[in-house]
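Please read it beside the sequence and the model.

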Amino acid sequence: MSFSTDFKKEILNNSLNSKNQKIAFLSAVLRQSGSLHISKKVLNIQVECELYELILRLADELKNLYDTELNIKVYNDGNLKKTIYTLELPQQITQIVARDTGLIQYEGDSAVSFLDSIYDNNFDDIELKAFMLGIAVSSVNITVPVPSKIDSDIYEGSYSLEMKFNSENIAYEVMEYFAQFDILLKKIERNESFYLYLRESEMISDFMAYFGGSNAVLELNNIIVSRSVRNKTNRERNCVIANIDKSVMAGQKQYLAIKAIDEKIGLDKLSDKLRELAKIRLDNPDLTLDQIAELVGGGISKSGINHRFRKIMEIANSLNK
């Protein structure tokens, strides 16, 4: 089960206490997941979605509001390997639902036009929040980084929230609505549809918190912290490895320089301190400066050892010239 599905299931438990809240919720779901067809003045409304909990909630709300039974149909899309749930509104309530939810404007019994604004129904603030709940449960897709199958210490993927709209105006109004809560959705057109999206983990968290998705927010924050800690650990480990590599390369250069000095003039030509250090390096090509300082003793520091090696390198370079 995906992070996105868990979030939608969680917020589907939100209560809608008034008739207008329920209608606002239905208005959003029907706009996002429904299809409307008018043929010979007969209106058909059908809803399709992959989330069973949503189609069940929709059926319950319609039953309570319009006192009618609804049948949920199920079919499997073999090509996409998905289960699709379908709900078709009974003909006796279709026109009433379309009028109540502001999907269609009527003059008498004749449909005049499709309405293309959230504000056609004059929803108040509470009803607008119910509308946004309908948008979220029927449209939102959230992805978060997940541990790699190869190495669980590495998180793969990025933070992303997207909502798809058929209407550019509805998408714009939803974007403007959330901007007042500093949730700054961005809009893009793709394949004749319109998408609102977020890529910042903090704003995705704020979006979920707006709907009371506390479990999803907690899980997201845990992912953010775990990823940060593991990334820091990996950076530190990589830094250690890089330092070891540098130490090994430096040791090899020192070893070759000492060999060159020995072959050209002999180590006896070096001062006692440099000769002692040269012999230690010849016997221990892979030791770090700290380890060599311990062998030399006498309280010499890593910096002091490094200074002596620089003297040896200068002698080797002068001999090469």
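**Notes on the model**

1. At 1.5 Å a residue, the 15 residues of helix 5 should span 21 Å, and the end C-alpha atoms of helix 5 are 21 Å apart, which agrees. The expected span is 1.5 Å times one less than the number of residues in the helix. Helices (H or I, at least four residues) and strands (E, at least two) are DSSP runs, numbered from the N terminus.

2. This is a predicted model, in which local features need pLDDT of at least 70, side-chain atom pairs count only at pLDDT 80 or more, and totals for chains, interfaces and linings use all residues. Residues are numbered from 1 along each chain as its sequence is written, and side-chain values use heavy atoms, with hydrogens and water left out.

3. The chain holds 11 helices and 12 strands. Of its 321 residues, 42% count as buried; buried means under 20% relative accessible area, exposed over 50%, and partly exposed in between (1.4 Å probe, protein chains only). Among contacts between residues at least 6 apart in sequence, 60% join residues at least 24 apart, where contact means heavy atoms within 4.5 Å.

4. Helix 5 is largely enclosed by the rest of the structure, because 12 of its 15 residues are buried. Among the buried residues are E127, L128, A130 and F131. Axes are lines fitted to C-alpha atoms, for helices over the stretch in contact, and angles run from 0 to 180 degrees between N-to-C directions.

5. Strand 7 and strand 10 (residues 160-165) pair over three bridges in the antiparallel sense; two strands pair if DSSP finds at least two bridges between them. N141 stands opposite E162 in strand 10.

6. How do helix 10 and helix 11 cross? The axes of helix 10 (residues 289-296) and helix 11 (residues 302-320) come within 9 Å and cross at roughly 95°. The two helices are therefore roughly perpendicular to each other (angles of 65 to 115 degrees count as such). L289, D290, I292, A293 and V296 in helix 10 meet K302, I305, N306, R308 and F309 in helix 11. The residues of this contact divide into six nonpolar, one polar and three charged. Ala, Val, Leu, Ile, Met, Phe, Trp, Tyr, Cys and Pro count as nonpolar, Asp, Glu, Lys and Arg as charged, and the others, Gly among them, as polar.

7. Q21 is found in helix 2 (residues 19-33) and is buried, with a relative accessible area of 11%. Leaving out residues up to four places away in sequence, Q21 touches S15, L16, I126, E127 and A130.

8. Most residues other than glycine have a negative phi. D67, in the loop between helix 3 (52-66) and strand 3 (72-77), has a positive phi near 50°. At 71% relative accessibility, D67 counts as exposed. E192 has a positive phi near 65° and sits in the loop between strand 11 and strand 12 (193-198). E192 counts as exposed at 72% relative accessibility.

Notes. Parallel < 35°, antiparallel > 145°, perpendicular 65-115°, else oblique.
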